[in-house]
Amino acid sequence: MKVLLVTGQLASEALATYAKQSQVKTEIIPLKTAVAAFLTPQSIINGLKDKTLSDFTHILTPGLLRGNTADITQAVGVPAFKGPRYAADLPIVLDMLCEIELSTTIPADELLQEKLTQKALADIEKIENKRNILLQRPGNMLVGEVAIGKDFPIRVLAEIVDAALMDKKSIQKIAQRFALDGADFIDIGMVAGESWPEKVTQLVQWVREVTDLSVSIDTLDPEEIKAAVQAGVQLVLSADAGNIEAIAPYVKNVAVVVIPTNQRLGYFPKTVLERVRFLEEIIVKARGLGVNRLIADLILDPQEILNSFIAFKEFALRNPEVPLFVGVSNVTELFDADSVGLNAVLTRLSAEVGGCILLATEKSVKAKGTVFEEVVAAKMMFLAKYRGSVPKDLGVDLLIFKDKRVYGEPYDEAIELDVKDLVVVSEKVESVTLDCLGVFRIFIDSDRRLLVAVHYSVFDLSEPVNIIKGRTASVVYAKILELGLVSSLEHAAYLGKELTKAEIALKTAKGYVQDGVLF
């Protein structure tokens, strides 16, 4: 196998550096075009017409090439395909040439990522398809329609915090969003210190109207637990030493999370061993009362994270048949750091101690996106365990703010020597002239799913003329141009800037304010 790499003048050195990282034989032909992305199939055909190509098995063009490389194949007689968009991805594409079917229209790195993702999901599906067999093993159980335990991926329980204080529309909107983000359970969070059993049936019904996911309830109040079980919840959070006797008659046929406290008396054991032993005592008592479908939560204390995980590990070693529930969001909600990294690490630690269900809440603004982050992290940790690897190169990842490799073509300052005008602009912002076709207000919608561009006439700023929604800046901007709502280059540049800022804010869970600073 020998591959011809066609590129532009500026990228040739970088491409050569990355090509050396693969064992596949390659040769690089830099064509006269400076920027690789500006090449076209015809310009490549023209550039190769006098070249001897009989030794090559493949031709790889830049991934950002416009057009179809099938034209190149037809003209030169060597199969031509789109390579990766970024030179940094070239080694892995070359090394997997025998495993992926390249495309004449889709960049190779997109195909590669798709293949890796499909393989990751297929590996998970293999386990899910064996659930009836795996459920026979100690430590695994069925909660509603969800199989949990050490042989399955960690499940995510998404809690609607203080649901008892919300109206139907708010609850259903959150439940639908959590379901879309991949949650396995929707948890109805009641209000600590208050008892509203008369609301519970309605809350469960509201959630079930919009999702088929298993429903749980988070409360220590016996009357609320009784009402929830009667309404059909499959999981109860939580039982402790203070309420187990009162709730035992109602929870014998549902799964119950048990915590090492007696909140009625205000008792919580301090040391790791005290916590483990007290939880074991409560479990023994629960079993004596006929409550056998038990899940243990040693409580992840945000002030003693390490000791908490040590307690989980110690309990798991002593009680391997009891699944573990880990309240990851106990830490995320009380930690002033980006949630994505926290959730990834906490999920890893949860996996190492044998965690089976993770708690995900999005009460605070900084915790928005936690459900999705925990869902992805859970898949990553299961795949790492299944493949016997570290959580890297799995086909799914949580790389949101950073890349694995350095992308982009390096800037060569030597080109400044021959340029006619070199302009270094100041940070001074000049005044903006209003566009005669109207002005725009840019927003992110309340569900944080779409960008919104609201168009007003310059003659009436009280009522919008057009409202355009879309998932990306490019689709919204394209529709604005299609409708002919921009008349000046200045306004077009401004809209491109603000819509892109809004899209970045949407992807990173940052707040967006038009004309404001994002970072």
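**Close-up views of a predicted model**

**View 1. Helices α5 and α15 pack against each other in this predicted model.** Helix α5 covers residues 108-128, and helix α15 covers residues 370-387. Angles of 65 to 115 degrees count as roughly perpendicular, so α5 is roughly perpendicular to α15. In general, two packed helices are described by the angle between their axes and the distance between the axes.

**View 2. Residues from both helices make the α5–α15 contact.** Helix α5 brings K119, A120, L121, D123, I124, K126 and I127. Helix α15 brings K379, F382, L383, Y386 and R387. Which classes of residue make up the contact of α5 with α15? Seven are nonpolar and five are charged. No polar residues take part.

**View 3. Four strands form an open sheet.** The strand order is β2-β1-β3-β4, and the pairing is parallel. Which strands are at the edges? They are β2 (25-30) and β4 (80-82), and each pairs on one side only. Neighbouring strands are turned by 25 degrees against each other on average, direction ignored. Strands of a sheet pair through backbone hydrogen bonds.

**View 4. Strand β1 pairs with strand β3.** Strand β1 holds residues 2-7, and strand β3 holds residues 58-61. They pair in the parallel sense over three bridges. Look for L4: its bridge partner in β3 is I59.

**View 5. Helix α2 packs on the sheet.** This helix spans residues 41-48. It touches β1, β2 and β3. The direction of α2 makes about 115 degrees with that of β1.

Methods:
Residues numbered from 1 in each chain as written. Predicted model: local features only at pLDDT ≥ 70, side-chain atom pairs only at ≥ 80, totals over all residues. Heavy atoms only, no water. Pairing = 2+ DSSP bridges. Helix = DSSP H or I, 4+ residues; strand = E, 2+ residues; numbered from the N terminus. Axes fitted to C-alpha atoms, helices over the stretch in contact; angles between N-to-C directions. Contact = heavy atoms within 4.5 Å. Parallel < 35°, antiparallel > 145°, perpendicular 65-115°, else oblique. Nonpolar A, V, L, I, M, F, W, Y, C, P; charged D, E, K, R; others polar.
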